[in-house]
Amino acid sequence: MPLKRNVSFWEGLKYKGGGPMWAWILHRLSGLGILLFVGLHVLAAFLTAQFGSDAGIAINVVYESWAFQIIVYFSILFHAINGLRVIVLDFWPALLEYEREAIWAEWSVIVPIFGLATYIIITKALGG
Amino acid sequence: MRARSIPKIFSFEYIMWLFMRISGLAMYVFALTGLTIALIMGARTQMDMGTLLRWTFFPIGTHVTSSDILVLEQWINPFWSIMQYLTIIFATMHGTNGLRMVIEDYMDAGWGVHVLRGLLLIAWLFMLLVAFNLIQTTGAV
């Protein structure tokens, strides 16, 4: 059966799914982002180590920039902590009743850990 | 996008569903092991936050040799090579299967799915080969 969508992408984003919907979207985006990052990183490191390729070194400069580190750090941290929530709720379905509370708990863990590391990385990048 | 059908026990989808959760927990174990041992080995005073995070995500020597570590042998040895192999195998399987799930959410059942799975399998094996080569050449003493 072919896929039929009656709503546009932007209409779909207006769906009021709340926290769980945004967690689902962010989980996909961060997962795809990590995959892209890890794939490129392994390839660039391989090119540098094997051939001393300039392309590999150029990509490495991007990885080592502090802005890139912050984005990758957020993706991995969110994917890891949201993934832990998914695992806990999947293995103990009785807890699904508290899904929204679990998402609030999740953000209350992510924000301090992300904020602290980001603060340190930025102050260091700005010559602190 | 359509709802997934309920998988039969020990169907491919069920096994991958279980694998995603188990490999997720396994990566927690790898990352926390790397972070804990790094701190015991003196990371707190010998490297900055970014370097420590790079090591936590993947414990390869090239991630920390630019820092102020004192004993190189502690950071580059067979134990960390094993951790690298385990991390790369679980992480790439987890990632490849995640990509497969995302793509198949937008695909219809049919021959296209089998072609795609074949391509993803090849891409995964290629990435494993490249990563293994990298670990062999730069991850060992």
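Analyst: The axes of H4(A) and H1(B), residues 12-40 of chain B, come within 10 Å and cross at roughly 130°. Axes here are lines fitted to C-alpha atoms, for helices over the stretch in contact, and angles run from 0 to 180 degrees between N-to-C directions. Helices are DSSP runs (H or I, at least four residues), strands are E runs of at least two, and both are numbered from the N terminus.

This is a predicted model: local features need pLDDT of at least 70, side-chain atom pairs count only at pLDDT 80 or more, and totals for chains, interfaces and linings use all residues. Residues are numbered from 1 along each chain as its sequence is written, while chains are lettered from A and ligands numbered from 1 in the order in which they are written.

From H4(A), the contact uses A:Ala80, A:Gly83, A:Ile87 and A:Asp90. H1(B) answers with B:Arg21, B:Gly24, B:Leu25 and B:Tyr28. Contact means that C-beta atoms, placed from the backbone, lie within 7 Å. By class, four of these residues are nonpolar, two polar and two charged. Ala, Val, Leu, Ile, Met, Phe, Trp, Tyr, Cys and Pro count as nonpolar, Asp, Glu, Lys and Arg as charged, and the others, Gly among them, as polar.

Now the whole interface. In total, 26 residues of chain A are in contact with 23 residues of chain B. On the chain A side, H2, H4 and H5 (99-125) each supply at least two residues. H2(A) gives the largest share, twelve residues. The chain A side divides into 19 nonpolar, four polar and three charged residues.

H4(A), residues 66-91, also packs within its own chain. Its axis and that of H2(A), residues 18-51, come within 9 Å and cross at roughly 125°. H2(A) and H4(A) are therefore oblique to each other, and their crossing is left-handed. H2(A) brings A:Ala23, A:Leu26, A:His27, A:Ser30, A:Gly31, A:Gly33, A:Ile34 and A:Phe37 to the contact. H4(A) brings A:Val72, A:Ser75, A:Ile76, A:Phe78, A:His79 and A:Asn82. The contact of H2(A) with H4(A) has seven nonpolar, seven polar and no charged residues.

Last, the two chains. Chain A has five helices and zero strands. Its radius of gyration, taken over C-alpha atoms, is 19 Å, well over the 14 Å that the globule rule (2.2 Å times the number of residues to the power 0.38) gives for 128 residues, so chain A is more spread out than a compact globule. Its C-alpha atoms fill a box of roughly 55 × 45 × 30 Å along the principal axes. Of its 128 residues, 13% count as buried, with 20 or more other C-beta atoms, placed from the backbone, within 10 Å of their own.

Chain B has six helices and zero strands. Its radius of gyration is 19 Å, well over the 14 Å of the globule rule for 141 residues, so chain B too is more spread out than a compact globule. The C-alpha trace of chain B spans about 55 × 25 × 25 Å along its principal axes. Buried residues make up 25% of chain B.

Terms used. Angles under 35 degrees count as roughly parallel, over 145 as roughly antiparallel, 65 to 115 as roughly perpendicular and the rest as oblique. A crossing is left-handed if the near helix is turned anticlockwise from the far one by less than a right angle, and right-handed if clockwise. Two residues are in contact if their C-beta atoms, placed from the backbone, lie within 7 Å. A residue is buried if 20 or more other C-beta atoms lie within 10 Å of its own, exposed if 12 or fewer, and partly exposed in between; C-beta atoms are placed from the backbone.
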